[in-house]
Amino acid sequence: ASSPANKGDSLDDRGAIDYKNIRTKLVLLGDSGVGKSCIVLRFVRGQFDPASKVTVGASFLSQTIALQDSSTVKFEIWDTAGQERYASLAPLYYRGAGAAVIVYDITSPETFEKAQYWVRELQKFGSANIVMALVGNKSDLHASRKVSTQIAQEYADSNGMFFIETSAKTAENINQLFEEIGKRLPRPSTLKN
Ligand code: GDP
């Protein structure tokens, strides 16, 4: 028997590899306060409710989306829940992740600097085929913007990442973020004979 092409492969009820429906571990990284939990709650529950965030331990939620080709992607989403302070925990946290969402706040240049730190970490210690998304959150606060779209886009391009600006508050681009990641995830190679 050949081994699955990637760790996210799902098995159907006969134990065969399911080529259409994949699942992946997705980790969120970024400074405290940039809106990671709000992005997840907006995506999974369709609401903006900062008060309901999980604050103890690593929180874990899953959500399945259908793509246009009718394949599905199940995201197993890991949020740091405030543990981003413990840098030494990080390699354990993102081990086996097929996707990483690195979030900064468009009103805070410090959080954009920190996002670049996480990108370097993932380039060093993340899985080889990890899909990385750079996310400028709080796009609704455009009057207070301090990180330009162009600079972030150029940084993402030069690091082979997908870039998008979102608002967990208004829901702008939240579903698009996860759809784009789903499209970019490597599929198990189809058997030729
Ligand atoms: P985390 O520490 O990265 O998980 O950040 P949270 O999800 O707890 O959000 C931190 C704060 O930012 C909360 O007070 C949210 O109300 C606020 N916030 C999160 N996303 C947005 C957004 O898209 N727009 C605005 N205006 N505020 C946001």
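**Exercise 1. Which of the 17 residues around the ligand come nearest?**

Before you start: this is a predicted model, where local features need pLDDT of at least 70 and side-chain atom pairs count only at pLDDT 80 or more, while totals for chains, interfaces and linings use all residues. Residues are numbered from 1 along each chain as its sequence is written.

Step 1. A residue counts as near if its C-beta atom, placed from the backbone, lies within 6 Å of the molecule.
Step 2. Coming nearest are Gly35, Lys36, Ser37, Cys38 and Lys169.
Step 3. Now look at who supplies the shell: helix H1 (residues 36–45) gives the most, with three residues. Helices here are DSSP runs (H or I, at least four residues), and strands are E runs of at least two.

**Exercise 2. Work out how the buried residues of helix H3 (residues 109–125) are arranged.**

Step 1. Buried means 20 or more other C-beta atoms within 10 Å of a residue's own; exposed means 12 or fewer.
Step 2. In H3, the buried ones are Thr111, Phe112, Lys114, Ala115, Trp118, Val119 and Leu122.
Step 3. Look down the axis of H3: the buried residues fall within an arc of 160° (taken from the directions from axis to C-beta atoms), so they line one face of the helix.
Step 4. Turn to the face pointing away from that side, and you'll find exposed Glu110, Glu113, Arg120 and Lys124.

**Exercise 3. Find which residues Met132 touches, leaving out those up to four places away in sequence.**

Step 1. Contact means C-beta atoms, placed from the backbone, within 7 Å.
Step 2. Met132 touches Ala100, Ile102, Val119, Leu122 and Met161.

Notes. Two residues are in contact if their C-beta atoms, placed from the backbone, lie within 7 Å.
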